[in-house]
Amino acid sequence: MKKYNFNAGPSILPQEVIKQTAEAVLDFQGEGLSILEISHRAKYFQPVVDEAEALMKELLGVPEGYRVLFLGGGASLQFCMVPYNMLEKKAAYLNTGVWSKKAVKEAKGFGEVVEVAQSTNSIPNDYEIPQDADYFHITTNNTIFGTEISERKLQEIYAKKGNVSLIADMSSDILSRPVDVSKFDIIYGGAQKNIAPAGVTFVIVKESCLGKVSRYIPTMLNYQTHIDGGSMFNTPPVLPIYTALLNLRWLKANGGIEWINRRNQEKADLLYKCLDESKLFTPTIMDKEDRSRMNICFVFKPGYEELQDDFFKFATERGMVGIKGHRLVGGFRASCYNAMDVEGVQALVDCIKEYEKLH
Ligand SMILES: Cc1ncc(COP(=O)(O)O)c(C=O)c1O
């Protein structure tokens, strides 16, 4: 039976990328060695990192003066590295859910933190950004509750941030849509959703924003260390970086960000339309502008909740994988990352409609 992978992360990757990774595990570029056993210092690995950085820059239109780093530690380590490197006195955070909250918690260890607004089921825009903050931090896509900062709300943020540095956790929507990188000083995320298997973290950092805090920054937590070392100060996650490269090549070959943005919109429209019209289900995010295209959350309408386990079984029998909602939200979550095609989302829509006919 064909499986449709709606896992929230680690998550679906293009089949051809998985196959090419498997080939490299057996024999890396005809060298007679597995990628699992080569040195990251070997002459053939540096080009992998260089090309991955170049492709991230090309696909996202990263301007001059920025570096793209591939590090360990996950986005969770960035919750701490960001304030370590950037927070001198005060930082502002937009709290849009679990991940923003974790970022706030870490920042509090370094200075004053202002939460300008908080909400889990919508994206607030009625707030000011303190102009004396060292930076303003946002989470562009709320993986758990299924909200995403729309392009229009991003434009509002750009307009009201003034000269304050903008920093974003883009773990779950990086490379899913165009983004004006020039408006940000740091963009980071765990790569295990739209880029790579688990184990590598991307950081896009504007070099000129660094070096402004007065504290000592431990070597491994200092962005400058990794810029100077070209992401190879210590042993990098070799295999996930290689898969990231293959995935970036896949995205470029298919038409890049414009193509994937259109496809992601088509998938989200398809599933949300089905849910909006459903007699049994409802999306959890009611404001259409704030709906995530990557993580589509839905629940049974009142009166039908007892069907939850039954639908889960029904969908699993039809090849749907990973659609259980996060325990904080309940219900269902279909993560429709870049590698999920329209056919996969259509299969879920068909499954929902088939179930509705039976009830
Ligand atoms: C938006 C967001 N930020 C941060 C994280 C944490 O990432 P990691 O597990 O790489 O630390 C996640 C994980 O799902 C996420 O979705």
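**Figure 1. Leu 94 stands opposite Ala 117 of strand β4 in the predicted model.** The coordinates in this and the following views come from a predicted model. Leu 94 and Ala 117 face each other where strand β3 (residues 90-95) and strand β4 (residues 112-118) are joined in parallel by six bridges. Strand β3 is largely enclosed by the rest of the structure, because five of its six residues are buried.

**Figure 2. Strand β10 (residues 201-206) pairs with strand β2 (residues 66-71) and with strand β9 (residues 186-190).** The pairing of β2 with β10 is antiparallel and comprises six bridges. Within this pairing, Val 68 has Ile 204 of β10 as its bridge partner. Strand β9 also runs antiparallel to β10, and five bridges connect the two. Here Gly 189 is found opposite Phe 202 of β10. Strand β10 itself is mostly covered, with five of its six residues buried.

**Figure 3. A cis peptide bond lies between Gly 9 and Pro 10.** The omega angle of this bond is about -5 degrees. Pro 10 belongs to the loop that connects β1 (4-5) with α1.

**Figure 4. Ile 241 and Ala 244 touch the most other members of the largest nonpolar core.** This core contains 100 residues. Helix α7 (residues 238-254) contributes eight of them, the most of any element. Domain 1 (15-253) and domain 2 (256-357) each provide at least three residues to the core. The contacts of Ala 244, apart from neighbours within four places in sequence, are Ala 52, Phe 70, Ala 191, Ile 195, Ala 196 and Val 200.

**Figure 5. Domain 1 (15-253) and domain 2 (256-357) are the two parts given by the domain assignment of the protein.** The centres of the two domains, taken over C-alpha atoms, are 27 Å apart. Contacts between them involve 25 residues of domain 1 and 23 residues of domain 2. On the side of domain 1 that touches domain 2, the elements giving two or more residues are β6 (141-142), β7 (147-148) and α7. The residues on that side of domain 1 comprise eleven polar, eight nonpolar and six charged.

**Figure 6. Gln 29 has a positive phi, near 50 degrees, although it is a residue other than glycine.** Gln 29 is situated in the loop between α1 (15-26) and α2 (46-60). Gln 29 counts as partly exposed because 15 C-beta neighbours lie inside 10 Å, and a residue is classed as buried at 20 or more and as exposed at 12 or fewer. Tyr 44 is 15 residues away from Gln 29 along the chain, and 8.7 Å separate their C-alpha atoms.

**Figure 7. Leu 175 and Asp 180 both occur in the loop between β8 and β9.** Strand β8 covers residues 165-169. Leu 175 is not a glycine, yet its phi is positive at about 65 degrees. Leu 175 is buried because 26 other C-beta atoms lie within 10 Å. Asp 180, in contrast, is partly exposed, since 13 other C-beta atoms lie within 10 Å. From Asp 180 to Asp 287 the C-alpha to C-alpha distance is 24 Å, and the two residues are 107 residues apart in sequence.

Notes: Residues numbered from 1 in each chain as written. Predicted model: local features only at pLDDT ≥ 70, side-chain atom pairs only at ≥ 80, totals over all residues. Core = buried A, V, L, I, M, F, W, Y, C linked by C-beta atoms within 7 Å. Helix = DSSP H or I, 4+ residues; strand = E, 2+ residues; numbered from the N terminus. Domains from an automatic or database assignment. Contact = placed C-beta atoms within 7 Å. Pairing = 2+ DSSP bridges. Nonpolar A, V, L, I, M, F, W, Y, C, P; charged D, E, K, R; others polar.
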